[in-house]
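Me: I am new to this structure. Please show it, and then let us go through it in questions and answers.

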Amino acid sequence: GPPGGWGGGGAPPEMVLPCYDGPFENAAMEGCLDDCRRYRTLKEAEGACNEQKHRCNGIVQTGGPDEEGGSDKPVRYEMRKGPEIL
């Protein structure tokens, strides 16, 4: 797709920010932290990730429009242990 753009309109179902190196499109990360708690904003998730120190290796975005442009689930952010990107 075009640089800086998602291509195809709309964000992918899951994107990963492994402690600020990213984002990676269409990637997933293993290992929930804090019972897969979902944060409403990236800033909240980053703050929580920083508090977890070495335990948190990334943040995953969930929700948003799906690839067919169907159901719009609210975008949420979850911490991941990682560090492997799947």
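Reply: One term before the questions: a salt bridge is a side-chain nitrogen of Lys or Arg within 4 Å of a carboxyl oxygen of Asp or Glu. The model is predicted: local features need pLDDT of at least 70, side-chain atom pairs count only at pLDDT 80 or more, and totals for chains, interfaces and linings use all residues. Residues are numbered from 1 along each chain as its sequence is written, and side-chain values use heavy atoms, with hydrogens and water left out.

Me: In what order do the elements of the chain run from the N terminus on?

Reply: Helices (H or I, at least four residues) and strands (E, at least two) are DSSP runs, numbered from the N terminus. The chain has one helix and four strands. Their order is β-β-α-β-β.

Me: What percentage of the 86 residues of the chain count as buried?

Reply: Buried means under 20% relative accessible area, exposed over 50%, and partly exposed in between, with a 1.4 Å probe and protein chains only. By that cut-off, the buried part of the 86 residues is 33%.

Me: Which residues of helix α1 are buried?

Reply: Helix α1 spans residues 42-51. Seen down its axis, the buried residues fall within an arc of 105°, so they line one face of the helix. That arc is taken from the directions from the helix axis to the C-beta atoms. On the other side, K43 and E51 are exposed, while the buried ones are A45, A48 and C49.

Me: What covers the buried residues of α1?

Reply: Contact means heavy atoms within 4.5 Å. Strands take part in this cover. It includes β2 (38-39), β3 (58-65) and β4 (72-80).

Me: Is E78 buried or exposed?

Reply: E78 is found in strand β4. Among the residues that E78 touches, beyond four places away in sequence, are C32, C36 and I59. Its relative accessible area is 5%, so E78 is buried.

Me: How many residues apart are E78 and R38, which meet in a salt bridge?

Reply: Their side chains meet at 2.6 Å, N to O. R38 is exposed, with a relative accessible area of 52%. E78 sits in strand β4 and R38 in strand β2, so the pair links distant parts of the chain, 40 residues apart.

Me: Which residues are linked in a network of salt bridges?

Reply: The structure holds two salt bridges. E78 forms one with R80, the closest N and O atoms being 2.8 Å apart. R80 counts as buried at 9% relative accessibility. The network links R38, E78 and R80.

Me: How far apart in space are R40 and V75, C-alpha to C-alpha?

Reply: R40 lies in the loop between β2 and α1. At 61% relative accessibility, R40 counts as exposed. Leaving aside neighbours within four places in sequence, R40 is in contact with V75, R76 and Y77. R40 and V75 are 35 residues apart in sequence, and their distance in space is 7.0 Å.
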